[in-house]
Amino acid sequence: MGLTTATTGFLQPFVPIYLLEAGLSKSQIGMAVGSGAVMAVLLQPLLGRLSDRFDARRPFVAIMSVVAALAYLSFPFLHGAPAFLFAVALGLNANLYMQGVGGVLVGRLAKKGQGGATYAAYRVWGSIAYVAVALAVGFIIKPEGGLGRSHLNLIFEIGPLLFFGVAILAYWLPDPKKPEEDPAEPQPRRALISPNLKRFLAVDFLYIVSLYGATNFISIFMQHVGGRGLFLSCVFLPGVITEALVMRFSGAFSDRYGRRPVLAVSYVLLPFRLMIYSVALGPWWVLGAQALHGLNFGIVGAVAIAFVNDQADHRTRGALQAQLALVTAGAGAIGPALMGFVADRYGLPVMFQVAAALAAVATVIFILFVNESNEHAQGTGVPILDRAPFAVAAGSPSD
């Protein structure tokens, strides 16, 4: 999990900038990122079902790691939007699978009701690795005089090698097998999604459209407000550092008090954070807004995984996590394409305002319509935060 997230340390800041330097417009950049999400919509459910059927994740992690490595290593040799769309699609789809499978493995390793803390304890190593890679890239390229494609090629000749490390380590992944089936226990034909989980996935879709649709252009926006050098490679570092701190506690807090109160903090904060970008006057404003990312992904990154695992058992966890990955992929397709169109037509500040409006809608829906998922939580005692948890029978929806 550390190496998988470490790759984001060079991909997140520099894929959009590389595509811009390769001659793509902001709309085409959004479509390139969206193409990966579209491919994931088609492949992630299939990968989830296959890994459940064979009850094995290691081979899939190894294969997806190699695919991602080859996709990003091809960047220096590509020309034209179609070629980049295909390469980004392959790389992003593989990366999405590796991130999603972490939730499945942790679900197998965690004790009942402790999925949030367990996932956070593993995932925090990803944040540490991200910081190390982002700093290393910043010191290697030192683009004080501006960036060009030839300047950026070095990043995509070295960085993707991290994926080969993931492929090698996949052999030693902890991949506990599911327990023996009880012949007397009815076996579901498929993983059924409860009404509450459907509502959560719907609101999560809006949240990701707004957050990651806008996030895709933050490194370009950093250039727009005058950021150079380490400002570019480290533009996401404040968020990653606070994310590591917040994630460490958000998972355990959600185990004790409930997923819903913790997620509410993230949902309420996001519209305000996006509005800060729209009025940013310099690089330090962007870094300050990025620090708030710890209260977005630092919460959602762990607690959304636990929210889904609460409603699964050993037979359906892979399929339900694939549904979460499917929603993430669908939002990842629409968000960057939509925000890229707005940015090209109206400018980056207006794009952030549109994203903030979508985030506000997601917040209202979450507060009014999504119930608690962790039946072991004691609640906070605040009525607006605590909606009654519901029991989930294995393989059947309830509300």
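Trainee: Is Gly23 buried or exposed?

Mentor: Gly23 counts as exposed, because its relative accessibility is 60%. The cut-offs: buried means under 20% relative accessible area, exposed over 50%, and partly exposed in between, with a 1.4 Å probe and protein chains only. Before you go on, this is a predicted model, where local features need pLDDT of at least 70 and side-chain atom pairs count only at pLDDT 80 or more, while totals for chains, interfaces and linings use all residues. Residues are numbered from 1 along each chain as its sequence is written, and side-chain values use heavy atoms, with hydrogens and water left out.

Trainee: OK. Where does Gly23 lie?

Mentor: In the loop between helix 1 and helix 2. Helices here are DSSP runs (H or I, at least four residues; strands are E, at least two), numbered from the N terminus. Gly23 and His79 are 56 residues apart in sequence, and their C-alpha atoms are 8.9 Å apart in space.

Trainee: New topic: how many aromatic pairs does the structure hold?

Mentor: 16 of them. Rings of Phe, Tyr and Trp (its six-membered ring) pair if their centres lie within 6.5 Å; planes under 30 degrees apart are stacked, over 60 edge-to-face and the rest tilted. One of the pairs is Tyr18 with Phe156, edge-to-face at 5.0 Å centre to centre and 65° between the planes.

Trainee: Which parts of the chain does that pair link?

Mentor: Distant ones: Tyr18 is in helix 1 (residues 2-21) and Phe156 in helix 6 (residues 149-158), 138 residues apart. Tyr18 and Phe156 are both buried. Ring pairs also gather them into a cluster with Phe10, Tyr72, Phe75, Phe84 and Phe163.

Trainee: Staying with helix 6, which of its residues are buried?

Mentor: Arg149, Leu152, Asn153, Ile155 and Phe156. They lie on the same side of helix 6, because they cover an arc of only 160° around the axis. That arc is taken from the directions from the helix axis to the C-beta atoms.

Trainee: Now charges. How many salt bridges does the structure hold?

Mentor: Two, where a salt bridge is a side-chain nitrogen of Lys or Arg within 4 Å of a carboxyl oxygen of Asp or Glu. Arg259 meets Asp255 at 2.6 Å, N to O, and Arg259 meets Asp310 at 2.8 Å, N to O. Arg259 lies in helix 12 (residues 259-278) and Asp310 in the loop between helix 14 (297-309) and helix 15 (317-346), so the pair ties together parts that are 51 residues apart in sequence.

Trainee: Are Arg259 and Asp310 buried or exposed?

Mentor: Both are buried, and Asp255 is buried as well. Asp255, Arg259 and Asp310 are linked in a network of salt bridges.

Trainee: What does the charged end of Arg260 sit over?

Mentor: The ring of Phe366, 5.6 Å from its centre. The test is NZ of Lys or CZ of Arg within 6 Å of the ring centre and within 35 degrees of the ring normal.

Trainee: Last one. Where is Val225?

Mentor: In the loop between helix 9 (218-224) and helix 10 (230-233). Val225 is buried, with a relative accessible area of 16%. The C-alpha atoms of Val225 and Gly282 are separated by 5.0 Å, though the two are 57 residues apart along the chain.
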